Amino acid sequence: MLARIERLGEHTIYILQDLGRMGLFLLRALAGIGKRPFRLGAVIRQTRLIGADSFVVIFFTAAFTGMVLGLQGYYTLRKFGSEGALGSAVALSLIRELGPVLTALMVTGRAGSAMCAEIGIMRNSEQLDALECMAVDPFRYLITPKFLATIISIPILTLIFNVVGIFGGYVAGVTLLDVNPGAYFSGMEASVINKDINLGIIKSFVFAMLVVWICTGRGYFVHVIRGAGFGAEGVSRVTTQAVVLSSIAILVWDYLLTAILL
Amino acid sequence: MSEPIIRFEGVEKSFGSQRVLAGVDFAIPAGRTTVIAGASGQGKSVTLKLILGLLKPDQGRIMVRGRDIARMNPRQLNEARMAFGVLFQGAALLDSLSVFDNVALPLEERTKLSQAEVREKVMTTLEQLGLAGHEDKFPAQLSGGMKKRVGLARALQLQPEIMLFDEPTTGLDPEKSMEIYQLFLETQQKFGYTSVIVSHDIPKIFNLADQVIIMGKGKATTFASPEDIQRSSDPETRDFVRITMGDIYLSREMEKRP
């Protein structure tokens, strides 16, 4: 019994330590934004890796999500004789929910895992220690550019997702089925308000922060995460953990933000 | 012996329930070569990390150039680290950067030199270390010995007062090890740095040493010369000598035989 309580206590202390570490990590990464000289080149390179290179994935995910929404929405709405509302149904689902959530999930899978593995390998091969020993701040040099690039990329990718998704819905509903094209867009114009768009943008910023924080942070602390193991296995486990944690965090925060802001 | 540039005073460090350093005292004189030796897991690498301020001691003081490195704020620590050059066990080159960019990194990040000046300085060092023509290669395309040389080139860019070498010859064949030792001697004569070498390569490494520190059971014992170690009456040191240096005596015995 005593041993069990001890284990529980140890585990609680570990979780608190981990939260503390991650909290300080976030502060140091954000503090790096204000430090001069600003590493514009690194931010642009990372934005290309995280943002521009994710375009194709986002395009296809958005197109097919939009088309499925168009198809499902059409058959559901037809039961009530209101196919004309298809445009606003597709647009609202995408702008408020699916755009930010699916974009963040896709970026987690594509770029978040890569960031985590990259930093984890750098930690294991003493590259991060080497930076510190050369008095080069690893946050300013490595982590902060990734933060900025992700915070720039995810909201823009979300907007692209929304536009492509809306046209995907148009292809399914108007081109393939028989919804009136005018009704599709005018319904959307009438029902989508600024508040919906703001909600989507706020979500995408929060998700971006969660993805980059969790993915870079897990990689950075690969050597102290309990149960991760060492070497290549440690990096692979921590990468899996980062993707799972980020995905859950996105979905939990999606609910919280919707509940607070809607 | 000259004024110590690094001094450990009653340093203790534990990881969980494992006590790695239990009151370590030693002094490293400036401008000389100190070898830190000892069996695996006796806190040699921890000692290096403590000197660099990458770890903090639980107890005691670590004086580097007269100031306690464990009690510095991040800015002071950054400044103090400018005095160090480090050659890591696996060289720790940034694997996404070319040889040139790796060696140029400290100059680009820590100095205000122009691109042309950086280029000139880097190319000169690469040439001195026999790496000319390899500047566009990536670390993955280099052999173990070359990686170490690039690591050394990078560490020397800011003309450090103190060079720390973590197992510099691990994973190299004897010929390449000798080459690395030769490089140490040459660069130390040229740059005049204080050299601290953590090594398993006993007894060969002792030829380079002005002083030897042997770590064991959480303590450190300093010897003025390799001969002193052999004469030591401390049972643990004698054990260490028997295990690590026994072979030399054996071979000398063998030589005497007809």
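A word on the source first. This is a predicted model.

Let's start with chain B as a whole. Chain B has eight helices and 10 strands. Its C-alpha atoms fill a box of roughly 60 × 55 × 35 Å along the principal axes. What about the radius of gyration? For 258 residues, a compact globule would have a value near 18 Å; chain B comes out at 19 Å, so the two agree. Of the 258 residues in chain B, 38% are buried. Now the contacts within chain B. Take those between residues at least 6 apart in sequence: 67% of them join residues at least 24 apart.

Next, strand E8 of chain B. It covers residues 194-198. How many of its residues are buried? Five of five, and the strand counts as mostly covered. Which residues point which way? Thr194(B), Val196(B) and Val198(B) go one way from E8(B). Ser195(B) and Ile197(B) go the other way. Both sets are buried.

Who are the partners of E8(B)? Look at E3(B), residues 33-38, and E7(B), residues 162-166. E3(B) runs parallel to E8(B), with four bridges joining them.

Helix H6 of chain B spans residues 174-191. Together, E7(B), H6(B) and E8(B) make a β-α-β unit. Its hand is right-handed.

Now to the contact with chain A. How many residues take part? On chain B, 15 residues are in contact with 10 residues of chain A. Which elements of chain B give two or more residues to that side? They are helix H2 (74-81), strand E6 (84-87) and helix H3 (99-110). H3(B) supplies the largest share, four residues. By class, this side of chain B has 10 nonpolar, two polar and three charged residues. Note that these are residue counts. The size of an interface is often given another way, as the accessible area lost when the parts come together.

To recap. E8(B) has five of its five residues buried.

Terms used
Residues are numbered from 1 along each chain as its sequence is written. Chains are lettered from A and ligands numbered from 1 in the order in which they are written. This is a predicted model: local features need pLDDT of at least 70, side-chain atom pairs count only at pLDDT 80 or more; totals for chains, interfaces and linings use all residues. Two residues are in contact if their C-beta atoms, placed from the backbone, lie within 7 Å. Ala, Val, Leu, Ile, Met, Phe, Trp, Tyr, Cys and Pro count as nonpolar, Asp, Glu, Lys and Arg as charged, and the others, Gly among them, as polar. A residue is buried if 20 or more other C-beta atoms lie within 10 Å of its own, exposed if 12 or fewer, and partly exposed in between; C-beta atoms are placed from the backbone. Two strands pair if DSSP finds at least two bridges between them. A crossover is right-handed if, with the strands pointing away from the viewer, the path from the first strand over the helix to the second runs clockwise. The radius of gyration is taken over C-alpha atoms; the globule rule is 2.2 Å times the number of residues to the power 0.38.
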